[in-house]
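Have the structure open as you read.

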Amino acid sequence: MPCLNVPAEEEQPIGTWGQWHLDYLKQYRRVTYTNLLTSGKLNAYLADIDRQAQERFEQLIEGMKQAQGITERLKEENALEWVQRLNNVRACAREIVEKEIIYA
C-alpha cells in the first residue's frame, strides 16, 4: 500500500463563496478537486475564488445601485422600497457571481 501524504499548505480563511465552490468541485469536478487536494493547493485556490467572487459581488451591487437610482435619499424617504430594491439587486448580483465564478 503506497504512503500518500498530502503536502502541508498555509491555512487561509474561506468564506461562503469558497465553500460553495468547494461543494461544486466535490460534486461535479472530482478530478480537479482531487488534484488540488493532493498538490496542497486547495485551500489557496478556494481562498482566491472566495476573494474574486466577493470583489465581483460588491462591484455588481454598486453598479446596479447606481443604475437603478438606489440612494441614501431613497432610504430616508421610503425605507421599505429601498430594502426591496436593494434585496433585488443583491439577488441578481449573487446569481451573476454564481454563474461567472462559482459554478464555472
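Start in helix 4 (residues 72-77), where Glu 77 and Arg 73 sit 4 residues apart, about one turn of the helix. Their side chains form a salt bridge, with the closest N and O atoms 2.8 Å apart. Both Glu 77 and Arg 73 are exposed. Keep in mind that this is a predicted model.

**Salt bridges**

How many salt bridges does a search of the whole structure find? The search turns up 8. Three of them, including the one you've just seen, are set out here.

| Salt bridge | N to O distance | Helix |
|---|---|---|
| Glu 77 and Arg 73 | 2.8 Å | helix 4 (residues 72-77) |
| Arg 85 and Glu 81 | 3.1 Å | helix 5 (residues 79-102) |
| Arg 51 and Glu 55 | 3.3 Å | helix 3 (residues 42-68) |

Arg 85 and Glu 81 are again 4 residues apart, about one turn of their helix. Arg 85 counts as partly exposed because its relative accessibility is 24%, and Glu 81 counts as partly exposed at 30%.

Over in helix 3, Arg 51 and Glu 55 are 4 residues apart, so about one helical turn separates them. Arg 51 is partly exposed, at 41% relative accessibility, and Glu 55 is partly exposed too, with a relative accessible area of 39%.

**Aromatic rings**

Now for the rings. The count comes to 4 aromatic pairs. Trp 17 and Trp 20 make one of them, edge-to-face, at 5.3 Å centre to centre and with 85° between the planes. These two tryptophans are 3 residues apart in helix 1 (residues 16-28), so about one helical turn lies between them. Trp 17 is buried, its relative accessible area being 7%, whereas Trp 20 counts as partly exposed at 24% relative accessibility.

Tyr 24 and Tyr 28 form a tilted pair, 5.7 Å centre to centre with 40° between the planes. Both lie in helix 1, 4 residues apart, which is about one turn of the helix.

Notes: Residues numbered from 1 in each chain as written. Predicted model: local features only at pLDDT ≥ 70, side-chain atom pairs only at ≥ 80, totals over all residues. Heavy atoms only, no water. Phe/Tyr/Trp six-rings, centres within 6.5 Å; stacked < 30°, edge-to-face > 60°. Buried < 20%, exposed > 50% of the residue type's maximum accessible area, 1.4 Å probe, protein only. Salt bridge = Lys/Arg side-chain N within 4 Å of Asp/Glu carboxyl O.
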